[in-house]
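Have a look at this one with me. My notes are below, point by point.

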Amino acid sequence: MVEDYISKKDRIISTAIDIISESGLSALTTKNIAFKENMSEALLYKYYGSVDEVLKDVVDYYFKFDKGIRATVSSKDSGYIEKIKAYVDSYATYYDNYYALSVIMLQYEELLHNPVTRDKVAEATLARRNYIESLFQAAIDAKEIKGDIPAEQLAVLLTGMIYQLTLGRRYVFKKITFQAELNDFLARMIKVLIID
């Protein structure tokens, strides 16, 4: 019954994400999408003219909530460490609730070689890292954490860990949630950085 309320385009995007998650980006074809959606390729072309159009919408969907998350975190009346935690927790919750979606992060390299997705992936990925960097810099400036490691390197460290934990979940089963694992890493990282 819920499927009746989901648009066909949204279902196609979801199917495309599932295909990428299960078999990789190279498996994303109109034939595979049509098969999984139980429709003809001709009908699929009513919604999308090519796989690249589907892929563009997949990437748009992947970065869909970024601005809202940043606005919510920025508006919090709390310290910068708490904002960093809230930001990371938002993404961890998002990826825990839609496991297949996190695989898009693992496809960045290929998506950067696709002219249809290149600009969006580069812009949105840099925006994520720059936002984390700005939070770390503000935490350093507010003397919430030590300034021994530059904010840029802290942002690279954290985003790299998010990527690594995401990759690790693709080949090792974890009993704890991605959210719990990522929050544990962040807590340990911050413990080292906090000024005594």
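1. Which hand does the crossing of H8 and H9 have? It's right-handed, meaning the near helix is turned clockwise from the far one by less than a right angle. Helices here are DSSP runs of H or I with at least four residues, numbered from the N terminus.

2. Before going on: this is a predicted model, where local features need pLDDT of at least 70 and side-chain atom pairs count only at pLDDT 80 or more, while totals for chains, interfaces and linings use all residues. Residues are numbered from 1 along each chain as its sequence is written, and side-chain values use heavy atoms, with hydrogens and water left out.

3. Back to that pair: the axes of H8 and H9 (lines fitted to C-alpha atoms over the stretch in contact, with angles from 0 to 180 degrees between N-to-C directions) come within 8 Å and cross at roughly 130°. H8 and H9 are therefore oblique, as angles under 35 degrees count as roughly parallel, over 145 as roughly antiparallel, 65 to 115 as roughly perpendicular and the rest as oblique.

4. Who touches whom? Contact means heavy atoms within 4.5 Å. Among the residues making it are Arg129, Ile132 and Phe136 of H8, and Leu154, Leu158 and Thr159 of H9.

5. Now try helix H1 (residues 8-23) and helix H4 (residues 51-62): their axes come within 9 Å and cross at roughly 90°, so H1 and H4 are roughly perpendicular to each other. The contact includes Ile12, Ile13 and Ala16 of H1 along with Val54, Leu55 and Tyr61 of H4.

Terms used
Helix = DSSP H or I, 4+ residues; strand = E, 2+ residues; numbered from the N terminus.
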